[in-house]
Amino acid sequence: MNQAATPSILIVGSGAIGGLYGGKLHQAGAHVSFLCRSDYKVIKEKGISIKSIWGDFSYFPSKVYNFSDTPSDDFDFIIVALKVLPEINIHNIIKEFVTKKSAIVLLQNGIGIESEISNSFAYNEIISGIAFVCATRLSPGIIHHMDYGRLKFGLFPSGISKKTNLLCSLFNKSGVPCEATDNIQKDRWQKLIWNASFN
């Protein structure tokens, strides 16, 4: 993708993480769409409202898909913001939306979460991301961001790519502290320690 072009981004999951950071990417000028299940009707009709320490705002995604829809767009980034649970099969959820140009971004907690996706989508760039944030979904389409919010992204298994830097620049443009790291696995362990202490 030409960096001068407007990136097209699909957020998978409309909870606190997806809703908040999808909104900040929208503020940065990206075309942000959502793939969601239980919140589909509410977000399609009313959009997403954020109460945040960075300032309250509301927005409507470019498009809203449910899990049974056929995609009509090619996405530069597919950002997975779902919880890491055994019953959630990310491959099956996103496979119809992934094209050759899609970078798959795993904005999730956990250790060793990238290998399965990397094996399933061997020709796609995998970007691993972590959020140091305190936010919650109050109800469908309503997010409360209470504190923190910085992000880190790195290429899996290591390194920093052009798309990693582009994603970071979009977040920084919208006021989200974001940095690229060439050792995202080390940072994931640090986030695990942060979570343990915070919880």
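Modeller: Start with glutamate 114 and arginine 188, whose side chains meet in a salt bridge at 2.9 Å, N to O. The term takes a side-chain nitrogen of Lys or Arg within 4 Å of a carboxyl oxygen of Asp or Glu. This pair ties together distant parts of the chain: glutamate 114 sits in helix α4 (residues 114-120) and arginine 188 in helix α6 (residues 184-198), 74 residues apart. Helices here are DSSP runs of H or I with at least four residues, strands are runs of E with at least two, and the numbering goes from the N terminus. Both glutamate 114 and arginine 188 are buried; that label means under 20% relative accessible area, with exposed over 50% and partly exposed in between, using a 1.4 Å probe on protein chains only.

Before going on, the ground rules: this is a predicted model, so local features need pLDDT of at least 70 and side-chain atom pairs pLDDT 80 or more, while totals for chains, interfaces and linings use all residues. Residues count from 1 along each chain as its sequence is written, and side-chain values use heavy atoms, without hydrogens or water.

The whole structure has 5 salt bridges. Another one joins arginine 137 to aspartate 39, with closest N and O atoms 2.7 Å apart. Arginine 137 is in strand β8 (residues 126-139), aspartate 39 is in the loop between β2 (31-35) and α2 (40-46), and 98 residues separate them.

The threonine 181 side chain makes a 2.8 Å polar contact with the side chain of aspartate 187, and one of its polar atoms lies 3.1 Å from the backbone nitrogen of asparagine 183. A polar contact is a pair of N or O atoms within 3.5 Å; within protein, one must be able to donate a hydrogen and the other to accept it, and sequence neighbours count only if both atoms are side-chain atoms.

The largest pocket holds about 930 Å³ of space; among its 33 lining residues, Gly15, Ala16, Ala81, Leu82 and Lys83 are closest to the centre. The elements giving two or more residues to that lining are α1 (16-27), β8 and α6, with β8 supplying the largest share, 7 residues. On a 1 Å grid over the protein atoms alone, a pocket is an open set of points for a 1.4 Å probe with protein on both sides within 12 Å along at least five of seven lines, and lining residues have an atom within 4 Å of a point. Points are joined across faces, edges and corners, and the volume is the space filled by probe spheres set on them.

The second largest pocket has about 250 Å³. Its lining includes Lys83, Ile113, Glu116 and Ile117, and α3 (90-94) and α4 are the elements giving two or more residues.
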